[in-house]
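Please study the sequence and the model shown here. A series of questions and answers follows.

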Amino acid sequence: MGRDRTKLHEDLITICYYISDYGYGHATRSIAIIRTVLERHHDQPIRLIVNCGKALPFLIDSLQKEMLPWISNDHRIEFRSIFSDTGYVLQHDSIAADIQSLRQQYNLDMSLFEERVTQEQKFLLGVKAQLVISDISPIPFVAAQRAGIESLGISNFTWYTAYQDMLEKSDLNTLRAAYAQMDHFISLAGCAEPEWGRKCRIDTGFFCRQPDLQEVERIRTELDPTGQRKIIFFGLGRSIQVDHWSTMELWDSEQCIFIVSSNMDIDHPNVVQIPDQYTESQNYVAAADLVITKPGWGTVCEAIELAKPLILLNRSHFYEDRHTIAAVPSDHPLYLMSWEEIQQLTLSTEDEIGQLHDAQSGKGLSIHERSSSTLVEIADYIQNLLQHVKVV
């Protein structure tokens, strides 16, 4: 389909990949997909334009050439800073949604929706994009449809469904119409979406970035030289801002060493921050004996694929969280706790820690085969689209 492409260097296959501004889970899974696509696509070089906002520096660091030594030098990766979506707005010093502030921000952003669609339509035509991928900003789907370019959505949710418990149904009509424009949809584990994908939809599972086992061993040795303590990964995400992290009783669990993200300012001998410029956080998850986190798709799937028992913050008022929790395999150790319970949690005895850890012992650090197969399935789907896309 479409005219034959010449072999000129500048005549690359151009993909515009849009990634949500909210949190880092969208970025980490997009990195896993991008790495797999570039590794497996040998027929013709790809010009990949990564479009994102707050997570763009993280994406740049993760996709620089030295991080991808196995990738063909013919592929080109470019980066562009844009607005993608509103995301959630949380109450200060809380994990609860701030509905009033969300409505105000959402209404402001939606007043600029048409302007942003027009901007992206012009950009896509200007770079001669042949495929648009979005996780899961609505703007690119409308822009691609108007520009006559094939579009693909990849996600476990859309903002249309995420906002249904928070905003009026009538306020979501523009979002619904936008997502209805996507040509193809790859639904990830935990997806409970309408039948998006005008041409095709496939359902897939969990996957994550592959850890470096030598780096994992280095981390374990550095954090626990004697091998006598349990390593706990505590990650509630960069979007949650809490003033009193340091007062939590959890850090006094003497038989544990805790890994926290760089934005959590905690001064305690049992707490270690992931270095601010460290991009491959899956290595820290792989080094842990237990993962405590919110039900964000990225960290949850890392814990599942790397065989780590989970303590999850139970935020039942978040649509996405409910379905991610429901997708956790029934044989995976999972404990749901309220924010109040996590604040009072202690792991003070060997028995308590052992109960959480032993259920997964012996499963090792290797990624489950289903993770690799899911990434290959997604990459192959994208490659098949690239064989049939229209040249603009």
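Core, sheet and helices

Q: Which residues does I33 touch, not counting residues up to four places away in sequence?
A: Contact means heavy atoms within 4.5 Å. On that basis, and leaving out residues up to four places away in sequence, the residues that I33 touches are Y17, I154, F207, L375, I378 and I382.

Q: On what kind of model do these values rest?
A: Residues are numbered from 1 along each chain as its sequence is written, and side-chain values use heavy atoms, with hydrogens and water left out. Local features need pLDDT of at least 70, side-chain atom pairs count only at pLDDT 80 or more, and totals for chains, interfaces and linings use all residues, for this is a predicted model.

Q: Which residues touch the most other members of the largest nonpolar core?
A: A nonpolar core is a set of buried Ala, Val, Leu, Ile, Met, Phe, Trp, Tyr and Cys residues joined through side-chain atoms within 4.5 Å. Buried means under 20% relative accessible area, exposed over 50%, and partly exposed in between (1.4 Å probe, protein chains only). Among the 65 residues of the largest core, those that touch the most other members are I33, I154 and I382.

Q: In what order do the 7 strands of the open sheet lie?
A: Strands (E, at least two residues) and helices (H or I, at least four) are DSSP runs, numbered from the N terminus. Two strands pair if DSSP finds at least two bridges between them. The pairing in this open sheet is parallel, and the order of its 7 strands is 3-2-1-4-5-6-7.

Q: Which strands are at the edges of the sheet?
A: An edge strand pairs on one side only. The two that do so here are strand 3 (76-81) and strand 7 (200-203).

Q: Why can the buried residues of helix 4 be said to line one face?
A: In helix 4, the buried residues are F113, R116, V117, E120, Q121, F123 and L124. The arc is taken from the directions from the helix axis to the C-beta atoms. Seen down the axis of helix 4, its buried residues line one face because they fall within an arc of 165 degrees.

Q: Which exposed residues does the face of helix 4 turned away from its buried side carry?
A: Helix 4 has a face turned away from its buried side. The exposed residues on that face are E115, K122 and G126.

Q: What is the bridge partner of S155 in strand 6?
A: Strand 5 (residues 150-155) and strand 6 (residues 184-187) pair in the parallel sense over 4 bridges. In strand 6, the partner of S155 is S187.
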